[in-house]
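Here is a short briefing on a two-chain model.

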Amino acid sequence: MNYNQLSLEQAPTIGTPLRFFLTAPVFAIAAALLLLFAGPDIFQSRWQPETLALTHLLTLGFITMVMMGALFQLLPVLAGASIPKAATISTIIHALYSLGVALFTFGLATTKTSFIKLALVVLIPALLIFLIAVSMSLFRAQSSHASVTGMRIAIASLWITLALGGILATGQAWDSVPLLRHITSIHIAWASIGWVTIMITAIAYQVVPMFQVTNDYPDISKRYFSRLIFICLLGWSATHFFESELANNYDWLNQLVIFTLCCLLIAFVSITFHLQIQRKKRLADASMYFWMTGLGCLSLSMLLYFYSEITRHDLSILIAIVFLTGFAFSVINGMLYKIVPFLVWLHLHRKLAFTNKGISGIPTMNEVISREKMLHQYYLHVVALILTVLAYFMPAVFFYPAALAWLTNWSLLFVHLVQAIQLYKTCLAST
Amino acid sequence: MSIQSVMSHDHKRCDDLFSNAEQLVSKKLWDEAQLSLKDFCHSLLSHFEHEENTLFPAFENATGMQGGPTMMMRHEHGQMRELLNEMEIAAEQHNQARYLGLSETLLILMQQHNMKEEQILYPMIDKECGEQADELTASIRNTINSDVA
């Protein structure tokens with residue numbers, strides 16, 4: 001067996017993931033500012049320019065941004081496969097991607113197609129380089145763990161999301177290209193369930209037992225879960241793509257697929273809750289609360305979606321609020337609070353352990369970002385989330401408090417991450 | 001019994017002991033916490049010794065790889081030993097904040113280390129040295145049995 005490509009190294013350079021982690025809250029802050037400027041009307045329809053811009057600030061600017069950085073960090077550890085020339089590739093991807101997201105969302109919000117055209121020239125290559133690099137790395141992965149299978153499916157979903165998104169954005173930017181609005185729902189499904197949810201579940205198989213010292217997920221769920229969701233998504237896409245041909249005769253098929261999807265995701269949440277309740281590490285922290293809040297919101301968003309499908313109520317904005325900020329943002333925020341302090345410690349250890357100060361001069365994880373600071377931001381996150389749900393029903397009263405709460409919350413996250421990096425630099429400078 | 005199953009089982013045992021000590025520190029039950037930490041240190045250090053003195057050399061001999069994954073695993077053992085020392089000092093000084101900061105750091109370091117061993121290195125050792133699995137894991141199984149007893 002050839003072990004030459006095996007990488008059990010601890011991590012790429014600290015800048016590789018951190019540049020993604022630090023940029024993400026900036027886009028979240030931009031999203032909060034957009035909420036404030038756009039006003040309560042932004043919740044009226046998902047097709048409004050500001051709503052489209054807001055969604056992409058959250059999904060591309062924050063969620064995908066962090067997940068990209070995390071993959072550069074986690075692939076060597078989880079899959080035994082690092083991304084070749086990670087430092088150089090990540091710098092290029094980060095620069096192109098950040099510029100692309102900024103131009104794209106600005107173009108969407110202002111309906112200036114020239115910005116969307118310009119954005120696509122940098123955004124699509126950035127995502128393509130990322131996808132090719134990660135796909136090659138996952139293809140070569142040594143580990144046969146369920147996480148790697150889940151990651152492969154999530155990356156395949158991102159390929160599909162990008163293809164559909166590219167078609168939609170091209171239609172939006174160029175008059176000569178038809179805007180195929182009916183594929184929007186399929187694009188959203190692959191992005192939210194295929195890319196975001198499957199990737200988070202794949203990572204959960206590893207990090208829930210790891211961070212919270214729980215038992216492993218049952219084999220059956222690890223083995224079949226991602227594959228079954230992928231099949232559901234294929235079925236769902238087919239029923240939506242051929243919606244007019246199928247008409248009402250096959251409505252039951254669509255509802256069956258949605259029911260199965262909801263059951264699978266709620267089962268995943270239930271298993272995770274069960275493991276967390278029986279965890280051996282009894283000392284809870286903000287990261288665990290973020291996870292639990294996120295998983296609760298995943299279940300809630302699935303129930304809302306199922307309800308909206310059978311009752312024919314359009315709840316898409318409410319589902320988006322609960323899914324994006326309740327589920328994805330919570331889990332990712334919780335992950336950042338474990339990964340960033342650990343990286344600071346790890347890289348300081350590499351550089352300082354052999355100096356005269358030794359290990360005692362290196363701040364521990366809790367000193368990099370204190371438990372109290374993380375908890376305060378968690379409470380603010382929950383307040384912002386509740387206010388936003390209330391704002392959906394009573395925008396006149398709750399919209400601006402909700403937008404301000406998000407602005408404060410994401411600024412606080414940004415400050416905590418910046419302070420962690422400053423501590424890293426101070427420790428290095430003091431030697 | 002494969003090397004992977006014996007060693008992974010021992011990781012879980014160490015995790016339990018780690019959590020127990022952390023729980024006692026969080027309640028400031030210092031006498032019990034120090035005893036529990038001692039158990040954890042003993043188990044983790046003997047796990048490292050079995051790897052460094054028996055399993056890794058067997059793998060290195062079978063593959064001829066000296067500076068590969070086993071070198072990185074030894075390096076991480078060194079990092080964990082340093083954290084354990086600091087945790088013992090913090091426990092002696094009844095310094096709860098310092099202890100919990102160190103134990104959180106150790107936990108993540110230990111878990112990502114275990115993950116790499118369980119998913120990549122142990123399967124490789126089983127593949128290269130599987131015929132000697134019983135012989136290689138005999139001493140660690142004895143240690144576990146005597147600790148549990």
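The radius of gyration is taken over C-alpha atoms, and the globule rule is 2.2 Å times the number of residues to the power 0.38. By that rule a compact globule of 431 residues would have a radius of gyration near 22 Å, and the 21 Å of chain A agrees. This is a predicted model, in which local features need pLDDT of at least 70 and side-chain atom pairs count only at pLDDT 80 or more, while totals for chains, interfaces and linings use all residues. Residues are numbered from 1 along each chain as its sequence is written, and chains are lettered from A and ligands numbered from 1 in the order in which they are written.

**Chain A**

- Chain A has 14 helices and 0 strands, where helices (H or I, at least four residues) and strands (E, at least two) are DSSP runs numbered from the N terminus.
- Its C-alpha atoms fill a box of roughly 75 × 50 × 45 Å along the principal axes.
- Of the 431 residues of chain A, 52% are buried; a residue is buried if 20 or more other C-beta atoms lie within 10 Å of its own, exposed if 12 or fewer, and partly exposed in between, with C-beta atoms placed from the backbone.
- Among contacts in chain A with a separation of 6 or more, 76% come from residues 24 or more positions apart; two residues are in contact if their C-beta atoms, placed from the backbone, lie within 7 Å.

**Chain B**

- Chain B has 5 helices and 0 strands.
- For 149 residues a compact globule would have a radius of gyration near 15 Å, and the 16 Å of chain B agrees.
- The C-alpha trace of chain B spans about 45 × 35 × 20 Å along its principal axes.
- Buried residues make up 41% of chain B.
- Of the contacts in chain B between residues at least 6 apart in sequence, 70% join residues at least 24 apart.

**Interface between the chains**

- In the interface, 28 residues of chain A are in contact with 30 residues of chain B.
- On the side of chain A that touches chain B, helices H2 (49-79), H6 (184-212), H11 (316-352) and H12 (365-368) of chain A each supply at least two residues.
- H11(A) gives the largest share of that side, 4 residues.
- The residues of that side of chain A divide into 13 nonpolar, 9 polar and 6 charged; Ala, Val, Leu, Ile, Met, Phe, Trp, Tyr, Cys and Pro count as nonpolar, Asp, Glu, Lys and Arg as charged, and the others, Gly among them, as polar.

**Helix H6 of chain A**

- In H6(A), 26 of its 29 residues are buried.
- H6(A) has a kink of about 45° centred on A:Ala204, the bend at a residue being the angle between axes fitted to the seven residues ending there and the seven starting there.
- A:Val213, which follows H6(A), has a positive phi near 50°.
- H6(A) packs against helix H9 (residues 251-277) of chain A at an angle of about 10°, with the axes 11 Å apart; axes are lines fitted to C-alpha atoms, for helices over the stretch in contact, and angles run from 0 to 180 degrees between N-to-C directions.
- H6(A) and H9(A) are therefore roughly parallel, as angles under 35 degrees count as roughly parallel, over 145 as roughly antiparallel, 65 to 115 as roughly perpendicular and the rest as oblique.
- A:Ala204 is one of the H6(A) residues that meet H9(A), and A:Phe268 is among those on the H9(A) side.
- The residues of this contact divide into 5 nonpolar, 5 polar and no charged.

**A loop residue**

- A:Pro84 lies in the loop between H2 and helix H3 (86-110) of chain A.
- A:Pro84 counts as partly exposed because it has 13 C-beta neighbours inside 10 Å.
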